[in-house]
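Hi,

Here is the structure I promised to pass on.

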Amino acid sequence: MPPDLRTNRAPIEKNTIFTLLIPYRRPQTMKTISIINQKGGVAKTTTAINLASYYAQKGFRTLAVDLDPQSNMTEALGSKAQYNIYDFFKGRPLEVEHISENLHLIPSNIRFSTIELQIINEFNREYILRNLLEPVQEDYDICIIDCPPALNFVTINALVASEFALVPLKPSSFSYDGLGIMLDFVRKVKTSLNSGLTILGIVLTFFDERKVVSKATLDKLERDNLTAGVMKAKIRAAEGIVRAEESRQSIFDYDSGSQVAQDYKSLAEEITDKIGLAAPERGE
């Protein structure tokens, strides 16, 4: 069960992230990464959109999965699908939507906000998404899952279906206070439901090394022995990201030469190295 989120903060267990960083490779083709944070406004969806877009543009067969009822990823990628993740959780056979070359989407919908109550008594409710994705394991190189901003059964489904969890962290006291809860949540899913789950890392977003709050967040990560789990790539705050989202584009389509586009490129390449994602080798 999810942890009690009525408390503002959970103590960060020493070595939690190091335990979760032990490499594991599930014997399958598709590498699946959940982008997870129970806090809103930390660039979770932005990170999911831009990672999926980058990998698709680089020739990787990419599946984006929108599990957030707010459907921001679905809207940003211009979905026109008739059916969505709500229908698939309710038993309709999975259909993926073609967005662009190498990029497919499983869209979301506001109706998905009610799914918690509807699956609460379902047998093996934690495995619904894993079972849905099983038939397409060989069709894609990588799958990026945008989780809802909550630690609930939908997020559990995402983590059970994933090999990796990536945690965007905005430099702020409120965002950092929830980090311990989140890492403990992932640890519990790993222990109880998916032994193959690994924390890929913490990625700092809205980062500005000149600001006190960014420096303070780095100090807290060092204090809690979490620096080894922080991705080298950091995502800077940039107006271009906002404009790209308003125009329903990834940052690579909107302004591929911008600093923040280079940040996401660095993050994607760092992830590629960490998860052992091989360069696509397919004929024309």
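Predicted model: local features only at pLDDT ≥ 70, side-chain atom pairs only at ≥ 80, totals over all residues.

A word on naming before anything else: helices (H or I, at least four residues) and strands (E, at least two) are DSSP runs, numbered from the N terminus. By that scheme, Ser-162 sits in the loop between α7 (153–160) and β6 (164–169).

Residues are numbered from 1 along each chain as its sequence is written, and side-chain values use heavy atoms, with hydrogens and water left out.

Ser-162 counts as buried because its relative accessibility is 0% (buried is under 20% relative accessible area, exposed over 50%, partly exposed in between, with a 1.4 Å probe and protein chains only). Its side chain makes a polar contact with the side chain of Ser-34, at 2.7 Å. For a polar contact I take a pair of N or O atoms within 3.5 Å; within protein, one must be able to donate a hydrogen and the other to accept it, and residues adjacent in sequence count only if both atoms are side-chain atoms.

Now the charged pairs. Searching the whole structure turns up 13 salt bridges, each being a side-chain nitrogen of Lys or Arg within 4 Å of a carboxyl oxygen of Asp or Glu.

One of them pairs Arg-236 with Asp-263, the closest N and O atoms being 2.6 Å apart. This pair links distant parts of the chain, 27 residues apart: Arg-236 is in the loop between α10 (212–223) and α11 (239–246), and Asp-263 is in helix α13 (residues 259–275). Arg-236 is partly exposed, at a relative accessible area of 35%, whereas Asp-263 is buried, at 6%.

Two others stay within a helix. In α11, Arg-243 and Glu-239 are four residues apart, about one turn of the helix, and their closest N and O atoms are 3.9 Å apart. Arg-243 counts as partly exposed at 45% relative accessibility, and Glu-239 is partly exposed at 48%.

Helix α13 holds Glu-269 and Lys-265, again four residues apart, about one turn; the closest N and O atoms of this salt bridge are 2.9 Å apart. Glu-269 counts as partly exposed at 34% relative accessibility, and so does Lys-265 at 27%. Elsewhere on the list, salt bridges that share partners join Lys-44, Asp-68 and Asp-146 into one network.

Cheers
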